[in-house]
Amino acid sequence: MPGLEIGLYDVLDQPQMESHPTAADVYEEHIRGAQEAEQMGYKYYFSIEHQTSNVSFLSAPNIYLTALARATSAMRFGVMIYQLPFHHPIRLAEEVAMLDHLSQGRIEFGAGIGVTLHEFMRWNVPFDRRREISEEAIDIILQAWTRDSVNFDGEFFKFDEVLTSPKPYQQPHPPVWFGCHSAASFEYAARNNFHVAQNIDVDPVIADKFTTWRDLWRQQGHPAPMPRTFLTRHVHVAETDAKAREQAEPHLATAAHPEAVPAGKGRDIIAGTRIGYGPGGMRGDDPGTPERVELRRTFRERAHSYDFWVDNGIALVGSPETVARQLQEQHDLIGHDIFCARHQFGYMDPTEARNSIRLFAEEVMPAFT
């Protein structure tokens, strides 16, 4: 399929940390997995940053990505996304630029505002101002990459003639991606000529949002080419459809399969703290925008129903032939440019996840390259 590049989405989450003696063992295993994926033909490697969270333990992403850069040679990589309100923008700009040199121009810069209330509460970062903080941060980062000095007088950041170095290896700078869910984020990305990324919404919703973003981008009068679109999904491939479902279902519809989570595990660490997940739980109690209402519905439905995952394209599960067909149908609907497969999720047996990575590379990817 012309126009679709494929990568690996690799999350260092709570089950990963629980199953190894030390964090060092987790890092080594995932870097080794990235090397193997590169040899199999995966073109991209992305992970995700969270702070004080069991969703991802990649709390210092640039340190990990530096090790990854030196362990690989061709794969493009990055964080999708950096949670910008948790970063000093000058420091982040310099670190990413240095990473760009250490990898000889393979870094992709994924930016976003963050979505989880309790992380902001713990850091005393104003959740309801995260968009404004993030937009100031991006302005500063782009200045640091493209100008001799940074001068900025904002509400959250103020800099006077900061001389940043190095400038990025890629010119004028690494590709900038913006993680988008809300209408405001898609409008912002279109206005600023940024690539856009998605990971949560059901397929028809993403298709509509990407179409709207493309229309908004055209209205801005930017010169060609149009920025690209990124989608990540859970993927599990096994020798047969039945085997793939048997292996994947308990780790997708977790509320319907509590036996798949070892006793005493799950969300107990965060839920047992004084702050917990914040007012209203992990998704909050504020009705918010229509997009947030839809996201709550998606999280609620997928916790209880394996069929919801598969029927809505949130997970691609089956034999190589089935997953290839699912991916083709998804691309026909959404028209995304980069697809990243998350093979290791929940408490799935790592051997089964590695077999999925291999089958996907050997029997699914060739149809799309």
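1. A residue counts as buried under 20% relative accessible area, as exposed over 50%, and as partly exposed in between. By that scale T52, at 37% relative accessibility, is partly exposed. The structure discussed here is a predicted model.

2. T52 sits in the loop between β2 (44-47) and α3 (61-71). Its backbone deserves a look: T52 is not a glycine, yet its phi is positive, at about 50 degrees. For background, most residues other than glycine have a negative phi.

3. N193 is another case to check. This residue, other than glycine, has a positive phi near 65 degrees. N193 is placed in the loop between α7 (183-191) and β8 (195-198). With a relative accessible area of 32%, N193 is partly exposed.

4. The bond that joins S165 and P166 is cis, with omega about -5 degrees. P166 belongs to the loop between β6 (158-162) and β7 (176-179). A cis peptide bond also runs from Q171 to P172, where omega is near 5 degrees. P172, too, is found in the loop between β6 and β7.

5. How many disulfides does a search of the whole structure find? The search returns zero. C180 is in no disulfide, and the nearest cysteine sulfur, that of C340, is 16 Å away. A disulfide requires two cysteine sulfur atoms within 2.5 Å. The sulfur of C340 has its closest cysteine sulfur in C180, and at 16 Å the two are too far apart for a bond.

6. Helix α8 (residues 203-219) and helix α13 (residues 320-334) meet with their axes within 8 Å, crossing at roughly 35 degrees. On the α8 side the contact is made by D203, P204, I206, A207, F210 and R214, and on the α13 side by Q330, L333 and I334. Sorted by type, the residues of this contact are six nonpolar, one polar and two charged.

7. G335 lies in the loop between α13 and β11 (338-342). Leaving aside neighbours within four places in sequence, G335 is in contact with R214, T229 and Q330. Of these, R214 and Q330 also take part in the contact between α8 and α13. G335 is partly exposed, with a relative accessible area of 28%. P366 is 31 residues from G335 along the chain, and the C-alpha atoms of the two are separated by 18 Å.

8. The last point concerns the second largest pocket, which has a volume of about 350 Å³. Its lining consists of 19 residues, and E29, G33, E36, R354 and I357 are those nearest the centre. Which element supplies the largest share of the lining? That element is α2, with eight residues. At least two lining residues come from each of β1 (5-9), α2 (23-40) and α14 (350-364). By type, the lining of this pocket divides into nine nonpolar, five polar and five charged residues.

Methods: Residues numbered from 1 in each chain as written. Predicted model: local features only at pLDDT ≥ 70, side-chain atom pairs only at ≥ 80, totals over all residues. Heavy atoms only, no water. 1 Å grid on protein atoms, 1.4 Å probe; cavity = no way out; pocket = protein on both sides within 12 Å on 5 of 7 lines; lining within 4 Å. Points joined across faces, edges and corners; volume = space filled by probe spheres on them. Helix = DSSP H or I, 4+ residues; strand = E, 2+ residues; numbered from the N terminus. Nonpolar A, V, L, I, M, F, W, Y, C, P; charged D, E, K, R; others polar. Buried < 20%, exposed > 50% of the residue type's maximum accessible area, 1.4 Å probe, protein only. Axes fitted to C-alpha atoms, helices over the stretch in contact; angles between N-to-C directions. Contact = heavy atoms within 4.5 Å.
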